[in-house]
Amino acid sequence: MNRREFSKLSAMALAATQMPAEAQTAAKPVGFAAVGLGTISNIFMSACAKTDKAKIVGLVTGHPAEKGPRYSTMYNVPQDAIYTYENYDKIRDNKAIEAVYIGLPNSMHMEYTIRAAEAGKHVLCEKPMAISSAECRKMIDACKHAKVKLMIAYRIQYEPLFAEMKKRINSGEIGK
């Protein structure tokens, strides 16, 4: 398994572990809307297609005429579940969308995380979380206020080597 494949699978596992218990144990997969349809979101959507834990049920793009139909066909997303950045807040009305995956440029992470939280959707945001600690705090506060989960797609804590290192440090085997 190469690093890219590991990243894909890790992101999916990571997202699934942070969803509410009822979503994890439910027979249906977590419904994600991919926000931004660039390369990183394509990797995420491809990983969703390979698991029964998550499914792409919505798309958000600045190019609905070009990218919308292509990704809609690839992931069986209904045409009425394709949103633009301007009508993004309408995801609130789509019950199939339980969470969003934010694969936008870093400078846009805060805005779309906060808007997702206000729409009542959980957020899996690509790293880095934001462009400043002040923006990070606003994202955290918005998600806490809305009672939705916020997770950053960072995988290192799930890699076997780092898990083993943490275990050894915590046991005192190699000191403090």
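User: Which residue stands opposite Val-100 in strand 5?
Analyst: That is Val-123. Bear in mind that this is a predicted model, where local features need pLDDT of at least 70, side-chain atom pairs count only at pLDDT 80 or more, and totals for chains, interfaces and linings use all residues. Residues are numbered from 1 along each chain as its sequence is written, and side-chain values use heavy atoms, leaving out hydrogens and water.

User: How do you know that strand 4 pairs with strand 5?
Analyst: Pairing takes at least two bridges found by DSSP. Strand 4 (residues 99-102) and strand 5 run parallel and are joined by 4 bridges, so they pair.

User: What about strand 5 and strand 6: how many bridges join them?
Analyst: Here 3 bridges join strand 5 to strand 6 (residues 150-152), again parallel. Leu-150 in strand 6 is the bridge partner of Val-123.

User: Which way do the residues of strand 5 point, and are they buried or exposed?
Analyst: In strand 5 (residues 122-125), His-122 and Leu-124 point one way, Val-123 and Cys-125 the other. All are buried (under 20% relative accessible area with a 1.4 Å probe, protein chains only; over 50% would be exposed, in between partly exposed).

User: Why are helix 5 and helix 6 called roughly parallel?
Analyst: Their packing angle is about 10°, with the axes 9 Å apart. Angles under 35 degrees count as roughly parallel, over 145 as roughly antiparallel, 65 to 115 as roughly perpendicular and the rest as oblique, so helix 5 and helix 6 qualify as roughly parallel. Contact (heavy atoms within 4.5 Å) involves, among others, Met-110 and Ile-114 of helix 5 and Met-139 and Ala-142 of helix 6.

Key
Axes fitted to C-alpha atoms, helices over the stretch in contact; angles between N-to-C directions. Helix = DSSP H or I, 4+ residues; strand = E, 2+ residues; numbered from the N terminus.
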